[in-house]
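Subject: Handover of a structure and the findings on it

Dear colleague,

Please find below the structure that I am handing over to you. My notes on what was found in it follow directly after.

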Amino acid sequence: MRETIHQLEVLRYDPETDTAPHFQTYAVTCQEDWVVLDAINYVKENLDRTLSYRWSCHMAVCGSCGMVVNGEPVLSCHAFVRDYPEKIRVEPLANFPIERDLVVAIDDFVEKLTSVKPYIISAEERPVESGENLQSPEQLAVFKQYADCINCLLCYSACPQYALNDSFIGPAALALAHRYNLDSRDEGRSARADVVASNPGIWECSFVGACSEVCPKDVDPAAAIQQTKIASTVDYFMRFLMPWRKQ
Amino acid sequence: MATSNKPLVWAVFAAGGTLAAFVLPAIIFSLTLGVVLGWIPPEALAYERAIAGMQSPLAKLAAFAVIVPILWHAAHRLRITAHDLGVYADGLVMLICYGIAALGTIATLVALLGL
């Protein structure tokens, strides 16, 4: 198999010893079928055991190996080395504080995801005896795309609005809120609206669309947010036109 | 968190965007290329015929309904674009963008009512 030598420029930062992040370059001989994560694993196993980064499945399912490679947020297990020039710059996801090297602290996202109640909400408690909560393939197709999110946070790294204002609820959390709002088994739309239809919710989005461009699972969070804007606008006017209508 | 009042501006923005995307090209085509290509006879756009058509209240209402939301769409889009380009003086940008749209709205009203 063809081999190429790449200069891997990796951002290093240890908050306990470093005053600022800096780059460290490793020369890595890569196989033709390697992804960037393979090259990083090679560094960890053979050149520098102190390098820290997250990964798990190596097949674009777990969403833990998101990094900024040559300026673009990607899953490093989903980015072939052969598609990059000789120099490959690897940085942690943008817009999150660095915990160490390529590992970022994602507490802000977890808090926001929790705030949109990303689970099925029923008006009444469903006892186990009531059986399965059935759904037709058509009803599934309505939200399936938005359920494919793997929380990899590439969208938060790409989003210029989140970069400016970190109170923005952000693409993945809003796409997941939309996923549950569209679910035929769910009755929690008004419970989510408190966060979703607020200023830091959908209205902070200016539809740049970078989130959808970088999404490795084609979730299209930008579309989810625009659809939520339409639904929330209808809700807003309906409150005045038909105040008796239950939200 | 409180429900946002953004739907007020966004509804006009969305309506204006839809009009700008679908209606405006058709209007521009029928007033320019359509005539050049010979699809629309130039007599159809003769001044007397056009002014008579535009004097009907329904035509005035239609013109208002097309022009004004597009004005506000452009104003809102430019405000957001300024923000995306790194101009964070939102108060001033709002004043300029929405101010021009408001003046345009008044000008449209005056022009249509004066026909």
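In which strand of chain A does His6(A) lie? The answer is strand E1. Before going further, please note that this is a predicted model.

**His6(A) and its surroundings**

His6(A) is a buried residue, with a relative accessible area of 5%. Setting aside residues up to four places away in sequence, His6(A) touches Tyr26(A), Ala27(A), Val28(A), Cys30(A), Val81(A), Tyr84(A), Pro85(A), Glu86(A) and Ile88(A). One of these, Cys30(A), is 24 residues apart from His6(A) along the chain, and the C-alpha atoms of the two are separated by 7.0 Å. Two polar contacts of the His6(A) side chain may be noted. With the side chain of Thr4(A), that of His6(A) forms a polar contact of 3.2 Å. The backbone oxygen of Glu86(A) is reached by the side chain of His6(A) at 3.3 Å.

**The strands of chain A**

Strand E1, the element that holds His6(A), covers residues 3–12 and is joined by 10 bridges to strand E2, residues 22–31, in an antiparallel arrangement. Within this pairing, Thr29(A) of E2(A) stands opposite Ile5(A). E1(A) also pairs with E5(A), here in the parallel sense and over four bridges. In that case Arg89(A) of E5(A) is the residue opposite Glu9(A).

E5(A) is also joined to E3(A), by two bridges, and these two strands run antiparallel. Val68(A) has Glu91(A) as its bridge partner in E5(A). Strand E3, residues 66–69, has Gly66(A) and Val68(A) pointing one way and Met67(A) and Val69(A) the other way, and all of them are buried.

Four bridges connect E3(A) with strand E4, residues 72–75 of chain A, and the two run antiparallel. Leu75(A) in E4(A) is the bridge partner of Gly66(A). Together E3(A) and E4(A) make a hairpin with two residues between them, and Asn70(A) in the turn has a positive phi of about 45°.

**Residues with a positive phi**

As a general point, most residues other than glycine have a negative phi. Asn95(A), although not a glycine, has a positive phi of about 75°. This residue, Asn95(A), sits in the loop between strand E5 (87–91) and strand E6 (98–100) of chain A. Asn95(A) is partly exposed, its relative accessible area being 30%.

Asn151(A) likewise is not a glycine and has a positive phi, of about 55°. The loop that contains Asn151(A) runs between helix H3 (137–143) and helix H4 (154–158) of chain A. Asn151(A) is partly exposed, with a relative accessible area of 32%.

**Ser157(A)**

Helix H4 of chain A contains Ser157(A). Is this residue, Ser157(A), buried or exposed? Ser157(A) has a relative accessible area of 10% and is therefore buried, the cut-off being under 20%. Leaving aside neighbours within four places in sequence, Ser157(A) is in contact with Val68(A), Pro73(A), Leu93(A), Ala94(A) and Asn95(A). With Ala94(A) there is a specific distance to report: the side chain of Ser157(A) reaches its backbone nitrogen at 2.9 Å.

**The interface of chain B and chain A**

How many residues of chain B are in contact with chain A? There are 15 of them, and they are in contact with 20 residues of chain A. The two chains bury about 1,500 Å² between them, 62% of it on carbon and sulfur atoms. On the side of chain B, Met1(B), Pro7(B) and Trp10(B) lose the most area to chain A, together 42% of what that side buries.

Between chain B and chain A, seven residue pairs are in polar contact, both residues being at pLDDT 80 or more. Helix H1 (7–31) and helix H4 (57–84) of chain B are the elements that give two or more residues to the side that touches chain A. By class, that side of chain B has eight nonpolar, four polar and three charged residues.

Yours sincerely

Conventions:
Residues are numbered from 1 along each chain as its sequence is written. Chains are lettered from A and ligands numbered from 1 in the order in which they are written. This is a predicted model: local features need pLDDT of at least 70, side-chain atom pairs count only at pLDDT 80 or more; totals for chains, interfaces and linings use all residues. Side-chain values use heavy atoms; hydrogens and water are left out. Contact means heavy atoms within 4.5 Å. Buried area is the accessible area (1.4 Å probe) that two parts lose on being put together, summed over both. A polar contact is a pair of N or O atoms within 3.5 Å; within protein, one must be able to donate a hydrogen and the other to accept it, and residues adjacent in sequence count only if both atoms are side-chain atoms. Ala, Val, Leu, Ile, Met, Phe, Trp, Tyr, Cys and Pro count as nonpolar, Asp, Glu, Lys and Arg as charged, and the others, Gly among them, as polar. Buried means under 20% relative accessible area, exposed over 50%, partly exposed in between (1.4 Å probe, protein chains only). Two strands pair if DSSP finds at least two bridges between them.
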